[in-house]
4 protein chains.
Amino acid sequence: MKQQLRVGVIGCGAIGKEHLRRLTDVVPETIVTGVADYFLPAAQSAAEMFHCTAFQTGEDLIASPDVDAVVVTSADPSHAAYVLEAIRHKKFVFCEKPLAQTAEECQQIIAAEQAAGKKLVQVGFMRRYDRGYMAMKHAISSNEIGAPLMIHAAHRNMSQAPGFETDYAVTRVAIHEIDICRWLLDDEYATAQVLGVRQSSRTSGEWLNPQIMMLTTRSGQRIDVEVQTDGAYAYDIQCHVVGEDGIVSLPDPTSVTKRAAAAIHTPLMTDWKDRFIEAYDIEFQEWAKSLLNGAPTGPSAWDGYVACVTGDALIRSRQTGKPEDIVLPEKPEMYQ
Amino acid sequence: MKQQLRVGVIGCGAIGKEHLRRLTDVVPETIVTGVADYFLPAAQSAAEMFHCTAFQTGEDLIASPDVDAVVVTSADPSHAAYVLEAIRHKKFVFCEKPLAQTAEECQQIIAAEQAAGKKLVQVGFMRRYDRGYMAMKHAISSNEIGAPLMIHAAHRNMSQAPGFETDYAVTRVAIHEIDICRWLLDDEYATAQVLGVRQSSRTSGEWLNPQIMMLTTRSGQRIDVEVQTDGAYAYDIQCHVVGEDGIVSLPDPTSVTKRAAAAIHTPLMTDWKDRFIEAYDIEFQEWAKSLLNGAPTGPSAWDGYVACVTGDALIRSRQTGKPEDIVLPEKPEMYQ
Amino acid sequence: MKQQLRVGVIGCGAIGKEHLRRLTDVVPETIVTGVADYFLPAAQSAAEMFHCTAFQTGEDLIASPDVDAVVVTSADPSHAAYVLEAIRHKKFVFCEKPLAQTAEECQQIIAAEQAAGKKLVQVGFMRRYDRGYMAMKHAISSNEIGAPLMIHAAHRNMSQAPGFETDYAVTRVAIHEIDICRWLLDDEYATAQVLGVRQSSRTSGEWLNPQIMMLTTRSGQRIDVEVQTDGAYAYDIQCHVVGEDGIVSLPDPTSVTKRAAAAIHTPLMTDWKDRFIEAYDIEFQEWAKSLLNGAPTGPSAWDGYVACVTGDALIRSRQTGKPEDIVLPEKPEMYQ
Amino acid sequence: MKQQLRVGVIGCGAIGKEHLRRLTDVVPETIVTGVADYFLPAAQSAAEMFHCTAFQTGEDLIASPDVDAVVVTSADPSHAAYVLEAIRHKKFVFCEKPLAQTAEECQQIIAAEQAAGKKLVQVGFMRRYDRGYMAMKHAISSNEIGAPLMIHAAHRNMSQAPGFETDYAVTRVAIHEIDICRWLLDDEYATAQVLGVRQSSRTSGEWLNPQIMMLTTRSGQRIDVEVQTDGAYAYDIQCHVVGEDGIVSLPDPTSVTKRAAAAIHTPLMTDWKDRFIEAYDIEFQEWAKSLLNGAPTGPSAWDGYVACVTGDALIRSRQTGKPEDIVLPEKPEMYQ
């Protein structure tokens, strides 16, 4: 029999259901034993679909002896509390980004994990599992482009759900670049700044779009991220790392090329779920394997904390109109 | 608990072990319960690695009540007998290509499957599960390029194992194009011809390399396949379907682009196992799901038979020096 | 003062006027002194436009003391006679392809040029001046792809003028591939064959379209040319030379890439005049310079003759249904 | 006879000789009648090579009745004086960038040209004649990408002559982006800033490399230019204009693609003279034609002035560490 990890999922919305299907269909090591949702009928319907228990509350799910590991995909403001509760029960917990709403909450999580004396938390920065980013990381560490000096990145979206706000361009959109760039460069950030730019008339709401986010690292590397939250021509992710000796670029996702009507056409993706579908699959396969081996090896609570601090600095800089410093405490040994 | 299919694998060589890992790691619906190999120690070592029973013979494995479905990855000459034996036990059987060594054996398998009154056999033409070919098929059926008229294809290999022979260029190499082109065009072949060409000095043995294979379909479409069995610059698969209104092309596999040393470099693959790794995964995931739903939906015994008949015609044409007709009996209703 | 070559142009149709503009605007060494056309008013109108003399006949133009070199762009059947007349006057003559309608006429031209004891003739195979083909030639001679074994080519057109016929697919279309492939491979042809293929419903007339042309060289290299005379998605020229160690490919013409509407779009050309505009410019610039240096260095009467013989074999093979041999006399020393 | 413009060239260094060859070989309308150089033997050698007069001084050349139009390709600090002298003689003058060393000198030139009452000056911003940039300009004006919001650009060089200084990254390198971006966007600049970045160890001298240059326009568009003055992997020019509805990108220069050694290779250029060779040709062909039609139509003294003012602001910002405003007077009617 395959060794199996019993997983409970808190949050049965769109991404929650995606992960339920993933844990069921493509991760042989996991078996979903329970679900919970703030809106009980959502949990009940998911429980039926995936043949498992619907718990009354996330806390009940976490406490259940039938749950070895918890996946948190509920609304952003509820993340931190569920993660802390899982740590209290010494259970593994995978939390979709963001880890928390504030840097303070992240620090509480870090403190709790340290007190537990065991790595329990993984944050859902799935891009680290994308084959393209992985190959870029490999090219950089193999010194194929010399010392990295700059990153030019873009994150372009076609639409956002109603209720979107300017700050979400950082906390829900650029947060992926915040994480992936420091992972690629293997350095911490020094400053952050948001630059204003002529606005697109294609934005469906009142928020600022586009925005340009600038980051520097401690070694002076400079990152620029063009963020289009809305109205872009495709869901298009660009990342070019410029080194002393060359440049390595994230490939566009594979797709068939067509020659027709006097042009070469290569379709681009329109949905972020499709763009990183394989990365999500690998993320959960690796997560399950790492837990069966004793501890998560993916993005840690520290990574979630740094993303939060950096996001705060970006948002602050929009008010001050100048670069804001990013100051971090010593990194605890657990996260070295 | 996940519903699981108990699978036995006959043949524990390189590709056999790949499939064992696949059935264990990425196909949640399958559990490997037994292995067999002509060379018993190979079976014993695989059994230890994958925690299952090592059977004395393939026949024992097929007969075992712990085996619901059989995967045949043994040496080519043994395929047909194992498939017939599985049919005799009314068990599902996945057979790596080729289905058999001769068209006659393929016909026996078809007769046996018909007598069993149930679709049991699937042949391992994994390219049908490659995302690139699937997107091409979709573009053609959606009429994006008009009526398809021609296919230009290439199958380039870097090396072959010792003992390779000229005919293997058909039976082990071009067999993939034989299957994928009729699947893309949704038509049967009419003629086949091998054309001689200036030989490469990079071939590591005595066989002919390269060879050009020409096929026509009943509707007059024409396919040319450049086959390099050995010594090529990469493992490189090309396929361009030319229609009245445009062309759709198989994409190169995604890989990071690098700008360095006064050139743009995009790495190509060197190993066929990497090139179609995702296709193999999807192939077995779909196979397992289809069996749990009652019957295999992938390439059938008929497809294996047509590949064999077409391969025979290609080989014959090398002797006659002219196009050879491909004559097929009526397709049994089971395969419509 | 710039040293100048006084040029007379016979044939004032579309391509004739293109060349008049070219000789005037982008070739500093040439000055157009006269024009002639079977249809006198066409000559008169061109003479007015380009400030030169309208001659009553091509023969008058050739005989004129104001004409140092003749450009023949009249209707195909008149080429040979004008070229012979120019040779009789020991004048340089640039003749648009084809050099003549029959191999016999080409041989007469060769004989006349030999008798004149001086290289006078250049044939308008302008692709040899295309930067892409030139770079391919360079890569091959630099041994970047090892010994060349095969060429895969395509010549796709969007439309043809009324009156087009099946044979013109050879004499007006594939004639460019006939010339460029032997130039790239630096070998002569051994056999030629036209293969039938499913016909496109997009053809605007009664001729066969598409056709596949197969050529072999004396060293056994094999060339396949997909010819779409009509109805294609663009004017698209493809050429891939496959060597033992790699492949070199003709680039698509440069054009801006656009990302919009969920796709990457790269425009293709629709008009052959645009596709090779730079090659035509360079062709005439080189021609003028070579004449001022004493003799033309471009495609010779021999090249025109071989193209004609090869075209004949292709056309013959359509009737016989099998490969036709290409037999050539010794190449006169003048063309070595 | 072709109508010809008699041109004198001041400055017979590398670029001067390039232009002499160009004016002689590819611009039918021009005939070089004289040359001058601060170092007389250089002028004499060029005069011999191009069969024209060597003048003792640039002033003598300008004054000569045999010179209709002047090309200034001498050392940067001498540009302004020669241009003013040519205006004084009411002669057309083509001046390589920069037009002058200071904004004040540019204003004097503008004043002189206004006083002359006739457009006489063209500045050598040759990128406006590059087919790639022209196609981008066309795509933007045709509204193919909606309102342009941002430009991401890069200007990467492999080496610089000894004596290079940090400021030259603006005045000799980024000056091309300064001109081409406002031409593409059809707007004037509002602010300019240079950002520091981790330095490359591949720089051959003491200057700062790389630098990032940021510009905003009056309508709020934002331009970032990565400048590598030295040590880059190729001479590589990138330009992506991001609009509301899509992105248009400068193509890489055409070059043959090679598949070999397990990779796709596309060579990049290493020399700026090759990269824009066709643009230079077109630039001078258009210049000559426009003068024969009465007045230059290319980049004007105003464009040279704006480049200078913008460059000053960039250099100033490196000292102040913050964005510097770009303030321009009213644009004189002559340049509308």
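This is a predicted model: local features need pLDDT of at least 70, side-chain atom pairs count only at pLDDT 80 or more; totals for chains, interfaces and linings use all residues.
## The sheet in chain D

In chain D, six strands form an open sheet in the order S3-S2-S1-S4-S5-S6, and their pairing is parallel. Two of these strands lie at the edges, namely strand S3 (53-54) and strand S6 (121-123) of chain D, each of which pairs on one side only.

## Where chain C meets chain D

How many residues of chain C are in contact with chain D? The contact involves 36 residues of chain C and 36 residues of chain D. The size of an interface is often given as the accessible area lost when the parts come together. For chain C and chain D, this buried area is about 2,500 Å², and 56% of it is on carbon and sulfur atoms.

Turning to particular interactions, two salt bridges are found across the interface of chain C and chain D, including the one in which the side chain of Glu144(D) meets that of Lys258(C), with a distance of 2.9 Å from N to O. Across the interface of chain C and chain D there are also seven residue pairs in polar contact, with both residues at pLDDT 80 or more. On the side of chain C that touches chain D, at least two residues each come from helix H1 (14-25), strand S2 (30-36), helix H6 (131-141), strand S12 (246-249), strand S13 (257-260) and helix H9 (277-292) of chain C. Sorted by class, that side of chain C is made up of 16 nonpolar, ten polar and ten charged residues.

## Strands that pair between the chains

Strand pairing also links the two chains, for S12(C) pairs with strand S13 (residues 257-260) of chain D in the antiparallel sense, over four bridges. Within S13(D), the residue that stands opposite Gly246(C) is Ala260(D).

## A glycine in a loop of chain D

Gly321(D) belongs to the loop that lies between helix H10 (301-320) and strand S15 (324-325) of chain D. Is Gly321(D) buried or exposed? Gly321(D) counts as exposed because its relative accessibility is 53%, and the cut-off for this class is over 50%. Although Gly321(D) and Leu195(D) are separated by 126 residues in sequence, their C-alpha atoms are 7.9 Å apart in space.

Conventions
Residues are numbered from 1 along each chain as its sequence is written. Chains are lettered from A and ligands numbered from 1 in the order in which they are written. Side-chain values use heavy atoms; hydrogens and water are left out. Buried means under 20% relative accessible area, exposed over 50%, partly exposed in between (1.4 Å probe, protein chains only). Contact means heavy atoms within 4.5 Å. Buried area is the accessible area (1.4 Å probe) that two parts lose on being put together, summed over both. A salt bridge is a side-chain nitrogen of Lys or Arg within 4 Å of a carboxyl oxygen of Asp or Glu. A polar contact is a pair of N or O atoms within 3.5 Å; within protein, one must be able to donate a hydrogen and the other to accept it, and residues adjacent in sequence count only if both atoms are side-chain atoms. Ala, Val, Leu, Ile, Met, Phe, Trp, Tyr, Cys and Pro count as nonpolar, Asp, Glu, Lys and Arg as charged, and the others, Gly among them, as polar. Two strands pair if DSSP finds at least two bridges between them.
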